[in-house]
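Me: I've got a structure open and would like to talk through a few of its residues and contacts. Could you take my questions one at a time?

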Amino acid sequence: METELLLTPITALEIVGDHLVAGEGPNIAVYSLEPGTIRSLKCCKPVLRNYNIHGIKEQQKPTPGVGGATTLAIFGGKGLVIVEFSLQDSTVTSVELFPFCELHDWIWDLQWLEGSGEIPSCVALALGHNSVALYDCVGQKILREVHCQEKCILYSAHLVGSEWDSVVLVAGTVFNQLVIWGVADSADDAGRIKPRSRIGGHQGVIFSICYLESKSILASASDDRSLRLWGVSDLQAPPDPVPCLLVCYGHLSRVWSVQLLNNYIVSVGEDSACLVWNYQGEIVQSFKGHKGRGLRAVAVHEARGCVFTGGADSGIRCWHFKGLTTDGRSLLQLNFLSPQRKGSPRAVKLVDARRLLVMTDAGAVYSYDLTSKAWALILEDSAYRSYSLLEVSELAGGGILCAMGSISGQVKIFPLLNPAQGKDLNLFEGKVHSLSWSSRPGQDLSACSLFASGSGGVLLWLEVSCHPLDALTVVVKQCFLLPPCKQRWHTCTTYLPSGEFLLCGDRRGSLMLFGCRTPLDLEQDKTSGRGNVGISGSAMVCNGLGLDFPIRGEAPHGKGPVSLIFGLHRKTGVTSVACHGGFIYSTGRDGCYRQLQVLGEQLQVLRKQKPCKGLEWLEGLHFSSDGSVWVLGFHAAHFVLWHTNTGEALLSIPCGGGHRSWSYTRRLSAETFAYIKSGDVVVYQSTEAPRGQRVLKESLHGRELTCVCHIGTLKTSRQEAVSIFATGSEDNVVNIVAFGVQFQALTQLTAIGDHISSVRALAIVESCTVQQESGSISSLLFSAGGRAQIECYRLQLSPDHGSSSGVLCQLIHLASHRLDEQWDRMKNRHKLIKMDPETRYMSITVLAGPEVAEPSGPLLFLAAACSDGSIRLFLLLERAQKLWLVAESFHHQLCPQSPSVYRQHGCGGRRHFLVSAATDGCLAFWDITATIDCAQEAVKAEVREIKLQALGTLVFTIQAHSCGVNSLHVQETASGHFLVASGSDDGSIHICVIEVNAGSIVSQQTIGGHGIHVLRNFSRHCAHAAQVTGVRLLHPDYLLSVSVDQRLTLWRLGEDSLSFVCSKFCHVADAAALECWNSEQRSWYSVVCGQGMEVLRCKV
């Protein structure tokens, strides 16, 4: 068994020249820091065997090595190795100078000692029980070890000094103290050295220590969430007592590491934040972007002004210091209130990055030039007092069109350069609720579409033309009717790329599609084809729509939507709609944006995405050239520009919230944000693009992985084999990732964040996985977890030569189910006990039902083991996009862990069986054929709801283990028998061989008359030293198991025993799941997940 890929927490970082060296489990990875590098990772090599790397120390040489060679001491746990790296051009080579050595105690720190030769010979090692060892690298032995009088274990240590006699250890003890002592100090009768100083003050253990000799300052980071700076002067003779210079609180959790720089202090903590402080204790900058809990390592490149952080999410990111570069950002208050200007600002709109318009409650419109800092009056109309509705559009052919709406139903349209040419239109009897501009594909460059909402849900489509030599022309193209609701007006519009349909969002949160073929368009198609309407003059042309202006109430000739999704973004409203890459995107104040498509003139929701926690008000999306998505929205009182790929806020402005008039525009690298606050206009400007983080290594999950499921393997356009699998985690996210077999690289294709609690189980519908001639894959994916939630998706995977992974992933959300929501829909629910909100699904498996395409789609059943002691059976109807609970059983009365299903064909038809296991160590075998047949008949009868049934007939149980079952796998053999393998908390593995007689006449020897024979069963006790969390049967006679003891073991299946074949140490702690798939003849890939993920290849 060989490791193909390893993802573990980043535990060590070190800057070596223009490269970053990272400790990833036992591996050393070298990344290039040169900007513009396509592939940052230069090499990755295992060096520390079964230990995780916790420290990397470069030997400082007076002269550079030949060919850019540098010597690194790499240590972690009890292991130590000396490696020479040659960093030249784009190639990185490594040579092990001194082999791996295992010491008797944990190594906390290492210090190179000066020697007479060019090759290092000795290092000082700070060990876990408050001792320092002099280690000879050449002889591979400890020459001397000295101990401190303070007998305790250490949580951190820092060595200072380049010669053995001058070495000083600053130790962070279990007693929340810093103990300073020198290795050359005099010892007592027991041979232990008295400390020079003890420093107290922390209320928790100390995790990190750093000393800056130029300032004679010692820094410590602690479990009490604080950083403390100490004035130690000279460590050879520290003052008594040592004064505390500064106490810094800013982290929300434990602080793992601290670094002292000339002008800054850098700290990282369990809250996944990297904070930059000045020496006055103020936070200069806060970097957040890692997923989940905890940054484990930090390194600083002062010359580049960069901080590098490594997290428990397996990611590495680069951040830029504030103040070292200027980005041209400014926040300007315009001081609008003046005797020369009438009224107070009520609406603000940016014309471009240099100009803005302000509408006041006196009906006046002013413009402001951000370059000349000058105000100018555009127009004033008392009809538009008190109610301020202003929208601006830039024409494709040049020029700016403006529209104002009044409380009395009037709309004023005017060109910004010549307001006197404006037109006043009396459209509605009531007030104008909303206005929006949209450009129709194929439209004249001097024209734009204006949409106005009035009372009664009337939405008018006006085509406005503004030629430089002609008067402004307005044509009423169509009158639409919005669906009935309380707040019946539109909030945003856009045309589909074809121009045949209008996409519209309303204040009720609904999304609708209108046809844009007007009577005039149809008449033109009959004569000269579609073209522009040549109309001049000042009249408003209605094109024979039969409308009388002003419109009173609901228009009788209004055109309804051809497709409607009511309340898609709940009652808070749709804020924006956009078309990009062949899909439709909508945002709302529900904190989510949705991806849709149009099929047969009908809107279909593909998926819902939530950018980040706390960003509950989304206003729009920006699609960048590199394929990433930026989200505009409000986080409490801040306007935020959020980068969905890196998970960071590129911009955060404390504007006071979204319930105010505001406007944002972006041109190339310049961006401007204007808003009204406290009766004045405030403008934020930036002349450079926001300097976000640089991702050297992508993160996978923010917390422990709980499950993994292989989806399939396809060939890319470059004929490279790529394995696709899904991972679920405690961070509530399901990731679809592609593993490139050739380059051993992992790429995230998409992330699913629909779960409100942890994801505990994944299942793929193997019978629905279709690999077509084009090489594409289509399959169904189920995910289940906390809060008794199940989600179902259709995955479509195909080769894509334009992406880095070579795979294009399209995701469609099909159905979802939650027990609490089902309880809310039940009749007489006050008589029933409501489900526990802590109920969670522990494991799921899928069964394909009868191979008959029903009107609602093929029948698929999902069996789920639930923590409330039940086994539940669900029915999926894909076409109807429904997931029904059809049966359940509380037989186990304990938390069931793993259901699995199998079926048998015979002359009596197909029969379906289910195997379940629980925490009592029992395996239960069920015949669920009748239940499935009953559900099939209900679907044929097209009933609206299926009555809850019993799960089926319990055939028999087997006491397989002495305690809980964690894993279960069923596989059919070539002889038609079924192998049932299970792993338990007691470290044992049980094998059961089942024969099923599916004939119409059941033999008397079968158990319970259900045609099941138990041919044999046997166990392998103490197969592992801890609970077995994954077992997989490898066809035909092998079994793979994984345990919390971090061993992946291959077994051979005998007639009545398991024979050990081989075992491998896994670097993934707390292994939670195991997945396997066949790659070629007698070769399998396996994935172990837990606190990280490891992909291995097994050949037998």
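Me: Is E394 buried, exposed or partly exposed, and at what relative accessibility?
Reply: Keep in mind that this is a predicted model. Buried would need under 20% relative accessible area and exposed over 50%. E394 falls between those cut-offs, so the call is partly exposed, at 47%.

Me: Which side chain does E394 meet in a salt bridge?
Reply: The contact is N to O at 3.1 Å. E394 sits in strand β35 (residues 389–394) and its partner in strand β56 (residues 662–667), so the pair ties together parts that are 273 residues apart in sequence.

Me: In the salt bridge of R355 and D352, which residue is buried?
Reply: The two side chains meet at 3.6 Å, N to O. R355 has 28% relative accessibility, so this residue counts as partly exposed.

Me: How many salt bridges does a search of the whole structure find?
Reply: Searching the whole structure gives 27.

Me: What kind of aromatic pair do F739 and Y1085 form?
Reply: F739 is in strand β62 and Y1085 in strand β87, so the pair ties together parts that are 346 residues apart in sequence. F739 is buried at 0% relative accessible area, and Y1085 counts as buried at 3%. The ring centres are 6.1 Å apart with 75 degrees between the planes, and over 60 degrees is the cut-off that matters here. That makes the pair edge-to-face.

Me: At what angle are the ring planes of Y841 and F874?
Reply: Y841 is buried, with a relative accessible area of 0%, and F874 is buried too, with a value of 0%. Their ring centres are 6.1 Å apart, and the pair is edge-to-face. The planes are at 85 degrees.

Me: Which residue lies over the face of W461?
Reply: There are two rings to look at for this kind of contact: F336 has R341 over its face, at 5.5 Å from the ring centre. For W461 the distance to the ring centre is 5.8 Å. The residue over W461 is K477.

Me: What is the C-alpha separation of K288 and E648?
Reply: K288 lies in strand β26, an edge strand of an open sheet of 4 strands. At 48% relative accessibility, K288 counts as partly exposed. Its contacts include W319, G647 and E648. Although K288 and E648 are 360 residues apart along the chain, their C-alpha atoms are separated by 6.2 Å.

Me: In β24, which residue is the bridge partner of V258?
Reply: The sheet has the order β23-β24-β25-β26, with antiparallel pairing. Between β23 and β24 there are 5 bridges. In β24, the partner of V258 is S267.

Conventions:
Residues are numbered from 1 along each chain as its sequence is written. This is a predicted model: local features need pLDDT of at least 70, side-chain atom pairs count only at pLDDT 80 or more; totals for chains, interfaces and linings use all residues. Side-chain values use heavy atoms; hydrogens and water are left out. Two strands pair if DSSP finds at least two bridges between them. Helices (H or I, at least four residues) and strands (E, at least two) are DSSP runs, numbered from the N terminus. Buried means under 20% relative accessible area, exposed over 50%, partly exposed in between (1.4 Å probe, protein chains only). Contact means heavy atoms within 4.5 Å. Rings of Phe, Tyr and Trp (its six-membered ring) pair if their centres lie within 6.5 Å; planes under 30 degrees apart count as stacked, over 60 as edge-to-face and the rest as tilted. A charge sits over a ring if NZ of Lys or CZ of Arg is within 6 Å of the ring centre and within 35 degrees of the ring normal. A salt bridge is a side-chain nitrogen of Lys or Arg within 4 Å of a carboxyl oxygen of Asp or Glu. Lists of a residue's contacts leave out its neighbours within four places in sequence.
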